[in-house]
Amino acid sequence: MAETHKCTTDTVHYTWHKEYELILTIDSGDTVVFEIREVSDNQFNFHSTTEAIF
């Protein structure tokens, strides 16, 4: 039976490396839902101004 797996923002790697431990194995037909962080990792928000990056 197919399963739905969720990857939340609690699981983060800031680099790529083949020696990281696997966190998920999926089977054909499974669904994976990714909750992702935006590139600044929430350092900025809707109310941030350009001064926030200097």
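The radius of gyration is taken over C-alpha atoms, and the globule rule is 2.2 Å times the number of residues to the power 0.38. The legends below describe a predicted model.

**Figure 1. Overall dimensions of the predicted model.** The protein has a radius of gyration of 16 Å, whereas a compact globule of 54 residues would have one near 10 Å. Along the principal axes, the C-alpha trace spans about 50 × 25 × 15 Å. The accessible surface comes to about 5,500 Å², and carbon and sulfur atoms account for 56% of that area. Of the 54 residues in the protein, 7% are buried.

**Figure 2. Secondary structure and chain contacts.** Two strands and zero helices are present in the protein. Strand β1 comprises residues 4–7, and β2 comprises residues 31–34. When contacts between residues at least 6 apart in sequence are considered, 65% join residues at least 24 apart.

Figure 3. Beyond its neighbours within four places in sequence, H5 is in contact with L24, T25, I26, D30, T31, V32 and V33. Among these contacts, T31, V32 and V33 fall within the residue range of β2, 31–34. The C-alpha atoms of H5 and V39 are separated by 23 Å, and these two residues are 34 residues apart along the chain.

**Figure 4. D10 in the loop between β1 and β2.** The relative accessibility of D10 is 70%, so this residue counts as exposed; the class requires a value over 50%. Between the C-alpha atoms of D10 and V32 the separation is 15 Å, with the two residues lying 22 residues apart along the chain. V32 is also one of the residues in contact with H5.

**Figure 5. The largest pocket and its lining.** The space in the largest pocket amounts to about 720 Å³. A total of 23 residues line this pocket, and T11, V12, H13, W16 and F34 are those nearest its centre. One of these central residues, F34, has a position within the range of β2, 31–34.

Methods
Residues numbered from 1 in each chain as written. Predicted model: local features only at pLDDT ≥ 70, side-chain atom pairs only at ≥ 80, totals over all residues. Heavy atoms only, no water. 1 Å grid on protein atoms, 1.4 Å probe; cavity = no way out; pocket = protein on both sides within 12 Å on 5 of 7 lines; lining within 4 Å. Points joined across faces, edges and corners; volume = space filled by probe spheres on them. Helix = DSSP H or I, 4+ residues; strand = E, 2+ residues; numbered from the N terminus. Buried < 20%, exposed > 50% of the residue type's maximum accessible area, 1.4 Å probe, protein only. Contact = heavy atoms within 4.5 Å. Areas by Shrake-Rupley, 256 points an atom, 1.4 Å probe, with all protein chains shown as cover.
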